[in-house]
Amino acid sequence: QVQLVESGGGLVQAGGSLRLSCAASGRTFSNYVMGWFRQAPGKEREFVAFISRSGASTSYAASVKGRFTISRDSAKNTVYLQMNSLKPEDTATYFCAAAPTGAGWGTNAYWGQGTQVTVSS
């Protein structure tokens, strides 16, 4: 089992920045790829960012590319999401997830409880 706890959400004005953290415990952190997802009220959960086990490979949703940066610190068993130039449409609950390489984000993935990000205009 992997336990994931997100933190760092809050209320910020448009154009501002936040850094989300996701602390992992349980099984070996480096065995898992990590992702950030978000869900706005009335909408489906959507992919935000991905980082490989080594951290060498990342990918982003088109809506956040160039503004958000995902990173991981294996010594701290933590994955981060640096969010800059925030927009009101970034308002959502943000979730981190861990999954074995190639397994996808379905039944083999672990999820945190989420942290709320609200961007005011």
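**Entry 1: ground rules.** I am working with a predicted model, in which local features need pLDDT of at least 70, side-chain atom pairs count only at pLDDT 80 or more, and totals for chains, interfaces and linings use all residues. Residues are numbered from 1 along each chain as its sequence is written, and side-chain values use heavy atoms, with hydrogens and water left out.

**Entry 2: salt bridges.** I looked up the salt bridges (a side-chain nitrogen of Lys or Arg within 4 Å of a carboxyl oxygen of Asp or Glu). The structure holds 3 of them.

I began with Glu46, which pairs with Arg38 at 2.6 Å between the closest N and O atoms. For exposure I used relative accessible area: buried is under 20%, exposed is over 50%, and partly exposed is in between (1.4 Å probe, protein chains only). Glu46 is partly exposed at 35%, while Arg38 is buried at 6%.

Arg38 also forms a salt bridge with Asp90, with the closest N and O atoms 2.9 Å apart. This pair links distant parts of the chain, 52 residues apart: Arg38 lies in strand S4 and Asp90 in the loop between S8 and S9. Strands here are DSSP runs (E, at least two residues), numbered from the N terminus.

I then followed Asp90 to Arg67, where the closest N and O atoms are 2.8 Å apart. Arg67 sits in the loop between strand S6 (58-60) and S7, 23 residues from Asp90. Asp90 is buried at 1%, and Arg67 is buried at 11%. Shared partners join Arg38, Glu46, Arg67 and Asp90 into one network.

**Entry 3: nonpolar core.** The core has 29 residues, and Leu4, Met34, Trp36, Leu81, Met83 and Tyr94 have the most contacts inside it. Elements giving it two or more residues include strand S1 (2-7), strand S3 (18-26), S9 and strand S11 (115-120).

I listed the contacts (heavy atoms within 4.5 Å) of Met34. Leaving aside neighbours within four places in sequence, Met34 touches, among others, Leu4, Cys22, Phe29, Ile70, Val79 and Trp105.

**Entry 4: Thr93.** I found Thr93 in strand S9 (residues 92-100). Its side chain makes a polar contact with the side chain of Gln116 at 2.9 Å. Not counting residues up to four places away in sequence, Thr93 touches Phe37, Arg38, Gln39, Gly114, Thr115 and Gln116. A polar contact is a pair of N or O atoms within 3.5 Å; within protein, one must be able to donate a hydrogen and the other to accept it, and residues adjacent in sequence count only if both atoms are side-chain atoms.

Conventions. Helix = DSSP H or I, 4+ residues; strand = E, 2+ residues; numbered from the N terminus. Core = buried A, V, L, I, M, F, W, Y, C linked by side-chain atoms within 4.5 Å.
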